Amino acid sequence: MATTFDVSALERIRLFSENLVSAGGCELGSLWKDEYDSNIAMVDHHHKMLFGLIQRIGDGNVSEKVLNNILQEMRAYTEYHFTHEEALFKKWTIPDHMHAHEGFVAKLVAIEKRAASGEPNVGLEARTILTNWFVNHILKTDMKGCKGILEKMTSAERAREAERCATPLTLSDLLRQCFEVIDSDMSGKIDVYEMGRIFKMLGVKASHEEIGAFVAKFDLNNDGEIDLLEFEKMIAQ
């Protein structure tokens with residue numbers, strides 16, 4: 001039988017997933033422009049997700065609850081993106097910009113705390129910080145790095161990358177990304193520690209016992225963790 005905690009925690013995880021799927025689905029019309037493409041599929045998919053999350057803030061005039069949700073989700077997805085982008089740049093021996101990433105996460109944490117405290121007019125400032133990051137880091141630093149990767153690729157590798165860029169993400173692809181955001185050690189399964197981590201990032205207060213019971217509820221094969229199939233069933237419930 002579901003407890004009050006189970007219901008509220010599942011609602012927050014489901015909202016998080018729905019918002020990422022919506023952002024990643026790029027229902028952005030003419031907002032996303034060709035010049036934003038780096039022509040590296042993984043990077044572009046991630047950047048579109050972040051761009052979609054930024055658009056949800058609008059002009060910054062959103063409710064405190066909505067702003068808190070957006071900032072929590074932005075930080076969770078940003079940390080996931082940075083981990084994968086840094087690994088990609090390292091693979092192709094592109095100069096690292098980890099310090100810039102760490103500085104941005106620190107800004108997100110600070111603005112998130114201010115929003116959570118109920119400070120007025122934080123939405124507009126958050127919009128400005130996120131837009132500046134998109135313009136000055138994603139469209140400049142990241143673009144330069146991705147250009148360097150493409151220059152190091154063979155013509156066959158560039159052709160395969162172009163094909164991946166031209167292939168839109170499916171709902172299954174987007175749900176996998178949501179799963180991977182939570183699966184921080186990239187083991188292919190979400191354990192109690194990782195579930196507790198995402199709960200904390202999403203503002204869900206929970207004891208270790210509550211987190212363990214939540215994982216156990218959706219752990220259909222009783223291995224102590226939640227795999228992708230179990231996660232998809234959990235979200236669809």
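Among contacts in the protein between residues at least 6 apart in sequence, where contact means heavy atoms within 4.5 Å, 73% join residues at least 24 apart. The model is a predicted one, in which local features need pLDDT of at least 70 and side-chain atom pairs count only at pLDDT 80 or more, whereas totals for chains, interfaces and linings use all residues. Residues are numbered from 1 along each chain as its sequence is written, and side-chain values use heavy atoms, with hydrogens and water left out.

The protein has 10 helices and 2 strands, these being DSSP runs numbered from the N terminus (H or I of at least four residues for helices, E of at least two for strands). From the N terminus on, the elements follow the order α-α-α-α-α-α-α-β-α-α-β-α. The radius of gyration, taken over C-alpha atoms, is 18 Å, close to the 18 Å that the globule rule (2.2 Å times the number of residues to the power 0.38) gives for 237 residues, so the protein is as compact as a globular protein of that length. Along the principal axes, the C-alpha atoms fill a box of roughly 55 × 45 × 35 Å. Of the 237 residues, 46% count as buried, that is, under 20% relative accessible area with a 1.4 Å probe and protein chains only.

Helix 2 (residues 41-57) and helix 5 (residues 122-152) have axes that come within 10 Å and cross at roughly 165°, the axes being lines fitted to C-alpha atoms over the stretch in contact and the angles running from 0 to 180 degrees between N-to-C directions. That angle makes helix 2 roughly antiparallel (over 145 degrees) to helix 5. On the helix 2 side the contact comprises V43, H47, L50, F51, I54, Q55 and I57, which meet G123, A126, R127, L130, T131, F134, I138, D142 and C146 in helix 5. By class, this contact has 10 nonpolar, 4 polar and 2 charged residues, with Ala, Val, Leu, Ile, Met, Phe, Trp, Tyr, Cys and Pro counted as nonpolar, Asp, Glu, Lys and Arg as charged, and the others, Gly among them, as polar.

The axes of helix 1 (residues 4-24) and helix 10 (residues 228-236) come within 9 Å and cross at roughly 105°, and the two helices are therefore roughly perpendicular (65 to 115 degrees) to each other. L10, I13, R14 and S17 of helix 1 make this contact with F231, M234 and I235 of helix 10.

Within helix 4 (residues 98-116) lies H101, which counts as buried at 1% relative accessibility. Residues up to four places away in sequence not being counted, H101 touches F82, E85, E86, W133 and H137.

Key
Parallel < 35°, antiparallel > 145°, perpendicular 65-115°, else oblique. Buried < 20%, exposed > 50% of the residue type's maximum accessible area, 1.4 Å probe, protein only.
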